[in-house]
Amino acid sequence: MEPEICPSDRMLRMIAGRWKTHILYLLGEDGPARFNAIQRRLTPVSPKVLTTRLRELAQDGLIWREQEETIPPKVTYGLTDL
């Protein structure tokens, strides 16, 4: 049987991982930002790793993602109330 997971443990698992806390801090301080702006602030993170971390944070409900259907697409990220 799996032991009950406390809320703090769940939250720590959601933010665990390289760059996640940096992304959350940046979005909290500066507000919503586009992908390239986030990448410039978090140098030397690679685009692949940044994309993965942003997807994980969005999947966990910690950030939102908005994509404008332009060429090239404009994608903006921001913090959710969670």
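These legends describe close-up views of one predicted model.

**Figure 1. The whole chain, a predicted model.** Residues are numbered from 1 along each chain as its sequence is written. Local features need pLDDT of at least 70, side-chain atom pairs count only at pLDDT 80 or more, totals for chains, interfaces and linings use all residues, and side-chain values use heavy atoms, with hydrogens and water left out. The protein has four helices and three strands (DSSP runs numbered from the N terminus: helices are H or I, at least four residues; strands are E, at least two). From the N terminus, the order is α-α-β-α-α-β-β. The C-alpha atoms fill a box of roughly 50 × 25 × 25 Å along the principal axes. Mean pLDDT (the predictor's confidence in each residue, from 0 to 100) is 91, and 95% of residues reach 70 or more.

Figure 2. Gly31 follows H2, with a positive phi near 85 degrees.

**Figure 3. Helix H2 against helix H4.** The axes of H2 (residues 20–30) and H4 (residues 47–59) come within 10 Å and cross at roughly 70 degrees. That makes H2 roughly perpendicular to H4 (65 to 115 degrees; under 35 is roughly parallel, over 145 roughly antiparallel, the rest oblique). Axes are lines fitted to C-alpha atoms, for helices over the stretch in contact; angles run from 0 to 180 degrees between N-to-C directions. Lys20, Ile23 and Leu24 in H2 meet Leu50, Arg53, Leu54, Glu56 and Leu57 in H4 (contact means heavy atoms within 4.5 Å). By class, this contact has five nonpolar, no polar and three charged residues (nonpolar: Ala, Val, Leu, Ile, Met, Phe, Trp, Tyr, Cys and Pro; charged: Asp, Glu, Lys and Arg; polar: the others, Gly among them).

**Figure 4. Arg40 in helix H3.** Arg40 lies in H3, residues 35–41. Arg40 is exposed, at 62% relative accessible area. The C-alpha atoms of Arg40 and Thr21 are separated by 16 Å.

Methods: Buried means under 20% relative accessible area, exposed over 50%, partly exposed in between (1.4 Å probe, protein chains only).
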